Amino acid sequence: MTRQELILQIKEKQSFLCVGLDPDIKKIPKCVIDDCKAELGDDEEYDDTLAIMAFNQAIIDATAPYCVAYKPNLAFYESLGSMGVAAYEETVAYLRENYPNHFIIADAKRGDIGNTSKMYARSFFEGDTQVDALTVAPYMGEDSVKPFLEYEGKWVVLLALTSNKGSNDFQLFEDKDGQRLFEKVLCKSQQWGTEENMMFVVGATQGRMFEDIRKIVPHHFLLVPGVGAQGGSLEEVCKYGMNADCGLLVNSSRGIIYASSGEDFTEVAAMKARELQEQMAGQLEAFGI
């Protein structure tokens, strides 16, 4: 998906919501598991990935009208072995077939020496289950990132300033000139990619730090986790981070997909997604978008 196509979706849907697909079998409503078991034939054996796929599809169908993007986190799939990876691939295929205009971000945080990164890029950007974007760690530098940028219409989402407590350990470290490490990442990476194929992860809990970030990357899209369960403020993110094209994809995972553990989980997920979409529409209107 190109930048202009993404902007068009945001304007048409009046939303910049990204829903995180992080299926944890310990949190998936019991009714989903029970239904999967009830549908099995006598010679079929239950597997947790059946519940994961049923849960993902139900969440997608419920929230698709209110979001422009989905972000499956690979850890929740890879932890279940080959069947879990198959569930991830089926989730991407389901999105591609039923919601082809939604932006898909694989949250895998890849990044390694150049030859290895080429293989990672191939696994996410080629074949039947290719996605639009991939989160990438910048620590190993240019040659670990550029292989992902060789695919037209695909995006690198580079980690810059994250929302976790440990982000202070390295990302805020200042060099002798007072430049913080995340600022170095933002500056240097603009030599590798452009606003057409590179986004940056900036946690919603970073507040007014968005002002400093926008001084360096005024036009790039930012993927913003941390709204909802992690306590980030949508209003603050928009106040300091929104640009003329919106320039934001705000992710919510637990706050939507696990908003209810009962049989009404799809209705509640839709309600939570709609609430965020309505808030986002208000912010877009305020910014004249």
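Trainee: With which residue does D34 form a salt bridge?
Mentor: This is a predicted model, where local features need pLDDT of at least 70, side-chain atom pairs count only at pLDDT 80 or more, and totals for chains, interfaces and linings use all residues. Residues are numbered from 1 along each chain as its sequence is written, and side-chain values use heavy atoms, with hydrogens and water left out. A salt bridge here is a side-chain nitrogen of Lys or Arg within 4 Å of a carboxyl oxygen of Asp or Glu. The closest N and O atoms are 2.8 Å apart, and the partner of D34 is K30.

Trainee: Why are D34 and K30 separated by about one helical turn?
Mentor: Helices are DSSP runs of H or I with at least four residues, strands are E runs of at least two, and both are numbered from the N terminus. D34 and K30 both lie in helix α2 (residues 30–38), and the reason is their spacing of 4 residues.

Trainee: Is K30 buried or exposed?
Mentor: Buried means under 20% relative accessible area, exposed over 50%, and partly exposed in between (1.4 Å probe, protein chains only). D34, at 33%, counts as partly exposed. K30 has 57% relative accessibility, so K30 counts as exposed.

Trainee: How far apart are the closest N and O atoms of K71 and D107?
Mentor: K71 and D107 form a salt bridge with those atoms 2.9 Å apart. The pair links distant parts of the chain, from strand β2 (residues 69–72) to strand β3 (residues 103–110), 36 residues apart. Both K71 and D107 are buried. The distance asked for is 2.9 Å.
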